[in-house]
Number of protein chains: 2
Amino acid sequence: MASVRSPRLADVARAAGVSLATASRALADPALVRERTRKGVLDAAAMLGYVPHGAARALATRRSRTIGAVFPPVDNPIFAGATHALAQHLAVAGYTLLLASHDYDYDAELAATRALIERGADGMVLVGLVHRPETLATLARAGIPYELTWSLDCTGRHHCVGLSHRSASIRITQHLLDLGHREIAVIAGDTAHNDRARERLDGVRDALAARGIRLPARRVVEVGFSVARGRAAFAALLERAPGFTAVIGGNDPLAIGALLECRARGIAVPDAMSIVGFDDIELAGELAPGLTTIRVPSAEIGREAGRRLLARLAGRSVPKVKTMPAPLIVRGTTGPPPHAGAKPAPARRRPAVV
Amino acid sequence: MASVRSPRLADVARAAGVSLATASRALADPALVRERTRKGVLDAAAMLGYVPHGAARALATRRSRTIGAVFPPVDNPIFAGATHALAQHLAVAGYTLLLASHDYDYDAELAATRALIERGADGMVLVGLVHRPETLATLARAGIPYELTWSLDCTGRHHCVGLSHRSASIRITQHLLDLGHREIAVIAGDTAHNDRARERLDGVRDALAARGIRLPARRVVEVGFSVARGRAAFAALLERAPGFTAVIGGNDPLAIGALLECRARGIAVPDAMSIVGFDDIELAGELAPGLTTIRVPSAEIGREAGRRLLARLAGRSVPKVKTMPAPLIVRGTTGPPPHAGAKPAPARRRPAVV
DNA sequence: TCGCTGAATGAAAGCGCTTGCAGCGAGCCT
DNA sequence: AGGCTCGCTGCAAGCGCTTTCATTCAGCGA
């Protein structure tokens, strides 16, 4: 209310009858001052409603107790979960999250990274492997530890926590192949601006190639991630290149879009069409039939990135790469193709972790 | 790479052959120095890869160019959208977002608020009207402008941007009443820890009371927000107090859960059961039938909160309360109750903004 | 030619905190 | 009892930047 300057540490020290230095120590580390002194300072601080001045502290210690994160659209539920988990984990350790987001735009990412460095972020978390070269270079030059998340960096140059999207994608494609599918369509994400989307698409190609199957270009659509776009893309595939018995979504919303479009058109899932997604968002398990997908432990990734960063800041060293599990979750949207004399495994109605 | 101390402004000044003060001015305001001088400084800065030290600047200017936000679980898609929009809007103005989240825990919110104040947030955005008294008091004492979001504060004491959840809830309940429903059940959010959930439930009661209808306690279930819990709650309602013809979800995921449970049980929607939600998440419009709901413009709320805060920081004044539109979106999940000789309005298949 | 004006620049005082170093007693050993 | 160690405290020097106030100097009118 009143514009009485908020109390500084000097005020606390005076009120407690000790020097500035002692007050500082009392607040920082109980072991540094006598118990009585400490109590006096704490009381004075409480009485005055003292709030430490972070900038001053940061200037003096060269530590801001802040971690920066630059994420693609935080409104993608999967990033939202990671953000939340990360923020929570940091809070426990007395750290705070500086968050910036961008729309899959690497220049914006670079700008955001600079802004966070300038704000004094002690560590940074980025998403994915692909960035403007300056982004990582700036971080390295500034001596700021960073973690790349979601993907795995096989060059061994960067700390990272995530999973191999390509091999997960291979796994789920094999699941379809094992069921007997040969004609497969893909609704991919934006492979030009998103390395996860690219890896996932490559994984599909790899798995097919391993069985001598080619993925024709007309069976692939690239769109931004959303249910509506997944629906539209599925419709487009049906127009353009009908005859496929399974469709692979670049992520769950895309797959759910395809599922809804099937329902709207009366296409039976999985009897006439199998559908798989990627991510395992909450809804995937609630739909009927449930969506077969790859579980990406997004919250765990966020938490783990935070944990590793804090460990490194504390001087402990951590393995360069942390691989997170990404199990295939078989639910009801996958089954043998129509007229299949193919594989034994029937579509299971009950979720099962494979 | 090398641990050469990163360059300070003094280094830039030296390289440019000017004083520290001039270098500072050249970077801060072009109008303050001669064009030639300015260019020299800019070049030197670029050459050295100079990055300003935010903490030092914050200490000197008493401004951190940072806005704090304390949100309930950021992984709720509706908050995620607001976070993203807010971060984006701030970035354009050279501000950065300091984000903290909590799980509907007011003490955690207070702690987070303190942490953000300590980090020097120039402004704050909080969600909802209910907080620990210290939370707002601390903010006021520190002279930090804040915006309460989502809800509207009718006391006129606080700046806020949001909507009246109660009157929106009344509107959507009236929609059901107008269709002829009299037996109504509610799957509410956690009213003890969430004032939006409480207001929404109160709105239902108000609307019913206005037509002389009571809402029996057994027709109300309170659960956390999620599709799975919505499903379970709907099932519980059917056991406990069958006979209702419409169910009101405290938010869209809850309503979608009810919808899925109906589908699983073969209950026709809307012929045998009408369902409404609240929020209008993306999926609501994609389902078939589409979910009738209230559209809460969450991204706009985030953006608007940012806009207002920046304006206030710039010394401009803004109206204390900003009301956001929250239209009723009528889609396919609502229709007349079975055997209704009631109202004219048939369930419309096409979305319509009312 | 001299003094005046104003634009451009520089010197230096902080902003609020941490921390190395020094001082000061009290306790302990011999 | 004297000297030494050690725990606690205070002094003061920054951390890197902004900003006030003073200074310099070019340009101009008289």
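Trainee: In which helix is Ala82(B) found?
Mentor: Helices here are DSSP runs of H or I with at least four residues, strands are runs of E with at least two, and both are numbered from the N terminus. Ala82(B) touches Ser298(B), Ala299(B), Ile301(B) and Gly302(B), leaving aside residues up to four places away in sequence, where contact means that the C-beta atoms, placed from the backbone, lie within 7 Å. The run that holds Ala82(B) covers residues 77-92 of chain B, and its name is helix H5.

Trainee: Is Met47(B) buried or exposed?
Mentor: Met47(B) lies in helix H3, residues 35-48 of chain B, and Ala15(B), 32 residues apart from it in sequence, is 9.3 Å apart in space, C-alpha to C-alpha. Because Met47(B) has 12 C-beta neighbours inside 10 Å, it counts as exposed.

Trainee: How far apart in space are Gly277(B) and Ile248(B), C-alpha to C-alpha?
Mentor: Gly277(B) sits in the loop between strand S9 (274-276) and helix H12 (282-286) of chain B, and it is buried, with 31 other C-beta atoms within 10 Å. Among the residues it touches, not counting those up to four places away in sequence, are Gly249(B), Leu254(B) and Thr293(B). Although Gly277(B) and Ile248(B) are 29 residues apart in sequence, their distance in space is 6.2 Å.

Trainee: Which residue of chain A stands opposite Leu98(B) in S2(B)?
Mentor: Strand S2 of chain B, residues 96-101, is mostly covered, with 6 of its 6 residues buried, and Leu98(B) points the same way from the strand as Thr96(B) and Ala100(B). S2(B) pairs in the parallel sense with strand S1 (residues 66-71) of chain B over 6 bridges, and in the antiparallel sense with strand S2 (residues 96-101) of chain A over 3 bridges; two strands pair if DSSP finds at least two bridges between them. The residue opposite Leu98(B) is Leu98(A).

Trainee: Which element gives the largest share of the side of chain A that touches chain B?
Mentor: The contact takes 54 residues from chain A and 54 residues from chain B. The elements of chain A that give two or more residues to this side include H4, S2 and helix H6 (106-118). The largest share, 8 residues, comes from H5(A).

Trainee: Through which surface do the copies meet, and what relation do they have?
Mentor: Since 100% of the interface residues of chain A are also interface residues in chain B, the copies meet through the same surface. A rotation of 180° with 0.0 Å of shift along its axis superposes chain A on chain B with an RMSD of 0.1 Å, by least squares on the C-alpha atoms of residues with pLDDT of at least 70 in both. That is the relation of a two-fold axis.

Trainee: Which residues come nearest to DNA strand C?
Mentor: A residue is near a strand if its C-beta atom, placed from the backbone, lies within 6 Å of it. Of the 25 residues around DNA strand C, those that come nearest are Leu9(A), Ala21(A), Ser24(A), Ala60(A) and Ala21(B).

Trainee: Where in chain A does pLDDT stay under 50?
Mentor: pLDDT is the predictor's confidence in each residue, from 0 to 100, and its mean for chain A is 92, with 94% of the residues reaching 70 or more. Where pLDDT is low, the predicted coordinates should not be read in detail. The stretch of chain A under 50 is residues 341-354.

Definitions and conventions: Residues are numbered from 1 along each chain as its sequence is written. Chains are lettered from A and ligands numbered from 1 in the order in which they are written. This is a predicted model: local features need pLDDT of at least 70, side-chain atom pairs count only at pLDDT 80 or more; totals for chains, interfaces and linings use all residues. Two residues are in contact if their C-beta atoms, placed from the backbone, lie within 7 Å. A residue is buried if 20 or more other C-beta atoms lie within 10 Å of its own, exposed if 12 or fewer, and partly exposed in between; C-beta atoms are placed from the backbone.
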